[in-house]
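Reader: I am new to this structure. Please show it, and then let me ask about its parts.

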Amino acid sequence: MRVALDAPIQTSASLLDRIVGSGRALLVVFETPGCAPCESLGPTLEELAREFNQRVMVVRVTDSAEGWLAARYHLAYVPTLVFWRGGREHSRIKGNPGPLAIRAHLEFLLTGEHPPDHAEGPRHTLSACFGGPARAATPRALLLASS
């Protein structure tokens, strides 16, 4: 059975290791809900998934604010686009640089020819949460000075 990869795959962080471990050429886009630069990437990712069908898998991870995920993949901004080949990170882009820059990175990922120019675009600083919302510290014990 053959799966059509002509649209971005939206996945959770829990399946990301399995996808990266497949060794395929990947574009993994780390994003969060409510991020305008992330949302504006949608049409570009749709177009690139069709154009690079069967050559590059386009994956969107929307739960990037999970602290362990941000730490593991060294995420400071969303969107962050990470290009993978053979299970190894090949390059990354912070922000939404537009379709031409992303296409140039995908071509370089596949061919190794014509290294693309450095690219960055509009982005938001990631606010990652480790284990839920922060709580106010309450004293665990009270020390009294003796007289």
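Reader: In which loop does His-74 lie?
Author: This is a predicted model, where local features need pLDDT of at least 70, side-chain atom pairs count only at pLDDT 80 or more, and totals for chains, interfaces and linings use all residues. Residues are numbered from 1 along each chain as its sequence is written, and side-chain values use heavy atoms, without hydrogens and water. Helices (H or I, at least four residues) and strands (E, at least two) are DSSP runs, numbered from the N terminus. His-74 sits in the loop between helix 4 (67-72) and strand 4.

Reader: Is His-74 buried or exposed?
Author: Buried means under 20% relative accessible area, exposed over 50%, and partly exposed in between (1.4 Å probe, protein chains only). His-74 has 63% relative accessibility, so it counts as exposed.

Reader: What is the phi of Gln-54?
Author: Gln-54 is in the loop between helix 3 and strand 3. It is not a glycine, yet its phi is positive, at about 70°.

Reader: What is the omega of the peptide bond between Val-78 and Pro-79?
Author: Pro-79 belongs to the loop between strand 4 (77-78) and strand 5 (80-85). The bond that joins Val-78 and Pro-79 is cis, with an omega of about -5°.
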